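These are my notebook entries on one protein model. I set down what I looked up, in the order in which I looked it up.

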Amino acid sequence: MTTRAKDRRRKGGVKDVIRVVGAALVVAAVVKELRKPGDERTWHGVVAGFVPYELRPPTPSRFRERMWDPEAEHLVGPRVFGVGWTINLGRVYALVRRRLAQD
């Protein structure tokens, strides 16, 4: 087996592990919500102690809040929909503009 083939196989293995972990976290989040009484289900929260999940349908305001908030404190926050984190591109833009203005 060539080195290139081994590299592809190794990368595929890491991607497969990430997919399995992601799917397991989604299942865990759904199970967590379904174990609550119907009127207490929020469909957003934290699973595995630190991984955020958001299973409510996306809204424009939540999209702006999580994907484009230049005034936010953090670069990384909960996803608009799904399990895990996303990058706040508005914050990245604000930091780049600030850095360019300093030069």
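**Entry 1: Contacts, model and overall layout**

I began with contacts, taken as heavy atoms within 4.5 Å. Of the contacts in the protein with a separation of 6 or more, 24% are between residues 24 or more positions apart.

I note that this is a predicted model, in which local features need pLDDT of at least 70, side-chain atom pairs count only at pLDDT 80 or more, and totals for chains, interfaces and linings use all residues. Residues are numbered from 1 along each chain as its sequence is written, and side-chain values use heavy atoms, with hydrogens and water left out.

I then looked up the confidence, given as pLDDT (the predictor's confidence in each residue, from 0 to 100). The protein averages a pLDDT of 92, and 89% of the residues score at least 70. Among the elements, strand 2 has the highest mean pLDDT (98), while helix 1 (residues 3-34) has the lowest (86).

I find three helices and five strands. Their order along the sequence is α-β-β-α-β-β-β-α.

**Entry 2: Surface and burial**

I took accessible areas from the Shrake-Rupley method with a 1.4 Å probe; for residues, only the protein chains shown count as cover. The protein exposes about 7,900 Å², and 61% of this is supplied by carbon and sulfur atoms.

A residue is called buried under 20% relative accessible area, exposed over 50%, and partly exposed in between (1.4 Å probe, protein chains only). On this basis 22% of the 103 residues are buried.

**Entry 3: Helix 2**

Which residues of helix 2 are buried? In this helix, residues 60-67, I find R62, R66 and M67. Viewed down the axis of helix 2, the buried residues fall within an arc of 105° (taken from the directions from the helix axis to the C-beta atoms), so they line one face of the helix. I recall the general point that an α-helix has 3.6 residues a turn, so residues three or four places apart point the same way.

Against which elements do the buried residues of helix 2 pack? I list strand 2 (51-54), strand 3 (76-78), strand 5 (85-87) and helix 3 (89-102).

**Entry 4: Salt bridges**

I searched the whole structure for salt bridges (a side-chain nitrogen of Lys or Arg within 4 Å of a carboxyl oxygen of Asp or Glu). The search finds six.

One of them joins E33 and K36, with the closest N and O atoms 3.1 Å apart. E33 counts as buried because its relative accessibility is 0%, whereas K36, at 23%, counts as partly exposed.

R62 and E54 form another salt bridge, with the closest N and O atoms 3.9 Å apart. Both R62 and E54 are buried.

R66 also forms a salt bridge with E54, the closest N and O atoms being 3.3 Å apart. This pair links distant parts of the chain: R66 lies in helix 2 and E54 in strand 2, 12 residues apart.

I record a network of salt bridges that links E54, R56, R62, E65 and R66.

I next examined E54, whose relative accessible area is 1%, so it is buried. I looked for polar contacts, defined as a pair of N or O atoms within 3.5 Å; within protein, one must be able to donate a hydrogen and the other to accept it, and residues adjacent in sequence count only if both atoms are side-chain atoms. The side chain of E54 makes one with the side chain of R56 (2.6 Å) and one with that of R66 (3.3 Å). Leaving aside neighbours within four places in sequence, the contacts of E54 include W43, H44, F81 and G82.

R66 counts as buried because its relative accessibility is 14%. Not counting residues up to four places away in sequence, R66 touches E54, R56, P78, R79, V80, T86, I87 and N88.

**Entry 5: G90**

Last, I looked at G90, which lies in helix 3. With a relative accessible area of 0%, G90 is buried. G90 and R66 are 24 residues apart in sequence, and 8.8 Å separates them in space, C-alpha to C-alpha. Neighbours within four places in sequence left aside, G90 is in contact with M67, W68, D69 and P70.

Conventions
Helices (H or I, at least four residues) and strands (E, at least two) are DSSP runs, numbered from the N terminus.
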